[in-house]
Amino acid sequence: MSNHEIANPQLGGVEVHGMTRASFILRGTLAAGAVYGLGSVAPFVSQAFAAGGGDAEILNFALTLEYLEADFYTVKGRQVGLSGQARAYASQFSAEESEHVTALTAAIKQLGGTPVKKPTFVFPTSDEKSFLALASTLENTGVGAYNGAGPSIKDKKVLAAAGSIVQIEARHAAAIDLLIGKSPTPNQGFDRPIEQAKVLTAVKPLIKA
Amino acid sequence: MSSPANEQSEQPVPQPAGIVERLVRDDSDRKRFLKMAGAAGATSFGAFVLAACGSSSKSKTAASTAAAPPTTSTAAQNSSTGDLAIVNYALTLEYLETEFYAKVVASGLFTGTVGNLIKDFGAQEQTHVEALKGTAEKLGGTPAAKPEGKFPIQSASQVAHLAYTVENLGASAYLGQAGSIQSPEVLAAALAIHTVEARHAATLGTLVKKSVTPDGAFAKPADMPTVLAAVKPFLA
């Protein structure tokens with residue numbers, strides 16, 4: 001696939017090092033967003049969970065995503081050196097994503113599952129501008145990923161918890177997008193994409209092992 | 001004044017009140033809402049909103065509607081009515097949001113970037129109305145009638161604060177229903193709208209210098225009685 005077809009090149013540059021299925025699905029999610037745009041994330045995630053595996057697996061995927069976001073705001077945010085509102089958001093959102101990590105870890109245990117270990121991440125950002133651009137992409141990817149996984153969740157309590165978290169991801173996304181002069185509603189009225197592209201096969205070559 | 005209750009009474013085939021099933025199952029205020037079952041069963045959702053909201057004080061018109069024969073037991077046994085009731089509940093809220101934004105846009109209180117955002121949000125609420133109407137029909141039901149709203153439009157600051165409140169309420173209302181929706185398609189649609197309400201709320205939060213995440217890391221849900229009580233002042 002040639003470069004001009006990459007919709008979100010930054011997502012293609014995010015590396016996730018981990019051996020779990022959750023890490024693999026997260027890589028695919030990021031790759032789907034990189035190649036086809038964030039609108040393709042939700043159907044990709046739906047397909048990834050269509051084969052089954054249960055709520056614990058879905059939550060492990062969510063946990064992996066939250067690890068990614070928490071790590072991004074906490075570690076990368078500090079490395080990059082942010083100022084003003086960007087710094088304030090990074091600090092606030094870092095705390096909130098960390099709370100998501102804690103809650104999801106507990107929920108997975110409650111379901112009798114084993115929480116995944118924190119993978120290691122590499123983010124292609126070096127300054128405030130690229131940091132905020134990736135923050136926007138990651139938060140919007142998070143919204144699509146949770147919304148895509150939602151209908152596969154069996155336990156209504158788990159669904160309610162996921163809903164409670166995805167609403168925060170959407171709020172983060174809007175706040176960051178406003179800060180960088182983008183529309184806070186990139187998908188207009190509906191965060192579910194209409195596109196049902198069969199992305200799994202297409203993105204596989206882009207997924208780093 | 002053309003009251004929604006009167007409009008409702010003209011509808012030939014009333015929708016059974018799946019909403020009542022939800023309220024009975026989920027709600028702490030169940031006795032009061034069980035009483036409303038008759039009203040909701042005999043009329044459609046718009047009238048139910050009026051009945052529920054009017055029950056505490058000025059409920060004379062609602063009380064007469066409530067005398068209609070109850071149809072709750074059949075409604076409670078029909079699981080598909082559950083989703084329909086939720087969709088019509090959401091539709092009622094979206095109608096109010098759409099009307100609110102239309103009045104705000106007409107007021108001319110906002111211009112420039114903020115004015116454009118307000119216009120976008122209003123247009124998006126309108127697409128929610130259309131989608132929910134279509135969903136209600138797909139579920140074999142009758143979409144809830146458009147309620148008549150009334151909104152205080154005084155100043156840019158007051159309107160922005162009100163919009164922030166309304167959007168946060170909308171987001172919490174959708175979240176409150178997520179666990180009750182049976183159909184995966186309806187759930188996917190509700191989730192798709194839910195996060196857009198959240199984006200609106202966060203945007204307005206930045207405008208009024210309030211937190212974009214007023215509930216912290218976990219958004220709080222709101223059940224139907226709470227939401228209906230909160231929207232009562234905005235029903236004409």
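1. Which residues have the most contacts inside the largest nonpolar core? The model is a predicted one, and its largest nonpolar core has 122 residues. Those with the most contacts inside this core are A:Leu59, A:Ala62, A:Leu63, A:Ala162, B:Val87, B:Ala90 and B:Ala190.

2. When neighbours within four places in sequence are left aside, A:Leu63 is in contact with A:Ala22, A:Val101, A:Leu104, A:Thr105, A:Ile108, A:Pro115 and A:Val116.

3. Between the chains, 31 residues of chain B are in contact with 29 residues of chain A. On the chain B side, two or more residues come from each of helix 9 (112-138), helix 10 (156-177) and helix 11 (184-207) of chain B. Helix 11 of chain B contributes the most, with 16 residues. By class, this side of chain B comprises 19 nonpolar, 10 polar and two charged residues.

4. A:Gln188 is not a glycine, yet its phi is positive, at about 60°. A:Gln188 lies in the loop that joins helix 7 (156-179) to helix 8 (199-203) of chain A. A:Gln188 counts as exposed because it has 12 C-beta neighbours inside 10 Å.

5. In chain B, B:Lys209 also is a non-glycine residue with a positive phi of about 60°. B:Lys209 is placed in the loop between helix 11 and helix 12 (224-231) of chain B. Is B:Lys209 buried or exposed? With 7 other C-beta atoms within 10 Å, B:Lys209 is exposed.

Terms used
Residues are numbered from 1 along each chain as its sequence is written. Chains are lettered from A and ligands numbered from 1 in the order in which they are written. This is a predicted model: local features need pLDDT of at least 70, side-chain atom pairs count only at pLDDT 80 or more; totals for chains, interfaces and linings use all residues. A nonpolar core is a set of buried Ala, Val, Leu, Ile, Met, Phe, Trp, Tyr and Cys residues joined through C-beta atoms within 7 Å. A residue is buried if 20 or more other C-beta atoms lie within 10 Å of its own, exposed if 12 or fewer, and partly exposed in between; C-beta atoms are placed from the backbone. Two residues are in contact if their C-beta atoms, placed from the backbone, lie within 7 Å. Helices (H or I, at least four residues) and strands (E, at least two) are DSSP runs, numbered from the N terminus. Ala, Val, Leu, Ile, Met, Phe, Trp, Tyr, Cys and Pro count as nonpolar, Asp, Glu, Lys and Arg as charged, and the others, Gly among them, as polar.
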